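Here is a briefing on a ligand site and the residues around it. Take the structure first, then the points by topic.

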Amino acid sequence: MEISQDHKIRKKEGYWSNLVEGETGIYKAEAIDELISQHFPDHCDAVLDVGCGTSVIAQTLRKRLGASRMVFMDYDPAVIEEMRKRVNDPTVEWKVGDIFNIGAWEDRFDLILLLDMIHEVYSFYGRPVRDVNVEIDHVRGQQAVYDALFQVARLVKLGGGIIITDNALSPERVPLRIRLRNAKVIKAVSKFLDEYPSRRIAVRWHADDEFSIDSHDFCILLTQYNKIKAGNMDRWNVEKCEIHQYMTIAEYNNLFGHLGFTLYSLVGTPEGASEEWNEDFKVIAGLSAIPEKRISLLAVKHR
Ligand SMILES: C[S@@+](CC[C@H](N)C(=O)[O-])C[C@H]1O[C@@H](n2cnc3c(N)ncnc32)[C@H](O)[C@@H]1O
C-alpha cells in the first residue's frame, strides 16, 4: 500500500469536521477574505481548489467573485464523492487527481486555492521511501513543494492568483529555551518527542519542565502536541505522519518572485491556540514570544 493511501484511510470523520468547522477553519476563511478584499479584483471567471478535502471555502469565494467555472480536485476519490453529494451543484466540475498531474492541463484559472494541502505534498513526497515511519527529508520535501507550485503557477492567468494557507516556520531559526507550565503539557510533549516519526527532534533537557529546542522544531511541536494532550488519538494518528511547517515567509517570497508573482501575506495565531500555547509554554530565551502559527498567502501573477 502506498503511504498516501494508508494516510487517506486514517482520516476518520472527526478529522474532517475539526479541520473545516473548528477555529482554524474560521480563521482561514477570514484571512482569505481579507487578502481577496485588499489585493484581488472583485470579479473573476474560473476558480480551482486543489486538495479540496471537505472545505467549501472555494464555493463561497466563487459566489463572491461571480465565477462561472468552479473545479474541485483531490487525489482522494472518497473525498470527491462526499463533496459532490454535499455541494450538489451541477455547475461544479469534479476531478480526482494528484497535484503533480495538473502541469499537463490546458485549462487556465483566475484563482487557484491550495488550502492546508501543500504540507501533505511536503510530508509524503518528502520521504525517501514510502513508509510513514521514516523521517521526512526537508530538502526533498521542499523540492517537491517547488515542483508542485511550479506546475500550479503555469495554470494561472496573468493577473490571477494562488492562495495558500498552512502553518508557518518562524522567520528566525534560533535556539529557544522553553519552560513547560503544567504537568499535562510535560506528559504530552514527552510522548510527542518519543513517538513522532516524521522528524526526530533533538531537545536538551535542563530540568523536568525546561528544555532547549530549535525554533523551527518548536513550531512543529506546537502544531502536534495538543492532539496528545487532548487525548485525540485519531487525530494524532493522522497528524503524526505529517509536518505542517515547511517554509518561512522569506522562502515563499523568494519562490514566488522566481515564478513571476507578487506575494501578499498575513501571519497570525487563532485566539484559542494562542491562549492554550501561553498557558502551556513560556519562552525563557531566544525569542520574545511564542512564534505565530498560521500563514495565509495570496500570490498574484505579474509575468
Ligand atoms: C489537510 S487536508 C485540507 C483540505 C481542505 N483544503 C481544507 O483546507 O480543509 C489536505 C487535502 O489535500 C489532499 N491532497 C494531499 N496531497 C495531495 C496531492 N498530492 N494531490 C491532490 N490532493 C492532495 C488530501 O486528500 C486532503 O483532502
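In what follows, Ala, Val, Leu, Ile, Met, Phe, Trp, Tyr, Cys and Pro count as nonpolar, Asp, Glu, Lys and Arg as charged, and the others, Gly among them, as polar. By that scheme, the shell around the ligand holds ten nonpolar, four polar and seven charged residues. The model is predicted.

**Shell around the ligand**
- The ligand is surrounded by 21 residues.
- Lys28, Gly51, Asp74, Ile99 and Leu115 are the closest of them.

- The side chain of Asp74 places an N or O atom 2.6 Å from an oxygen atom of the ligand.

- The largest cavity is the space that the ligand takes.
- Helix H2 (13-21) and helix H6 (118-125) are the elements that give two or more residues to the shell.
- H2 supplies the largest share, with four residues.

**Annotated domain**
- An unreviewed UniProt entry places the feature "domain: Methyltransferase" at residues 47-120.
- That span is 31% helix and 30% strand.
- The C-alpha atoms at the ends of residues 47-120 are 21 Å apart.

Technical notes: Residues are numbered from 1 along each chain as its sequence is written. This is a predicted model: local features need pLDDT of at least 70, side-chain atom pairs count only at pLDDT 80 or more; totals for chains, interfaces and linings use all residues. Side-chain values use heavy atoms; hydrogens and water are left out. UniProt positions are given in the numbering used here, feature names are shortened, and annotations may be inferred rather than shown by experiment. A residue is near a molecule or strand if one of its heavy atoms lies within 4 Å of it. A polar contact is a pair of N or O atoms within 3.5 Å; within protein, one must be able to donate a hydrogen and the other to accept it, and residues adjacent in sequence count only if both atoms are side-chain atoms. On a 1 Å grid over the protein atoms alone, a cavity is a set of points where a 1.4 Å probe fits but cannot get out, and a pocket is an open set with protein on both sides within 12 Å along at least five of seven lines; lining residues have an atom within 4 Å of a point. A molecule sits in a cavity or pocket if more than half of its atoms lie within 2 Å of its grid points.
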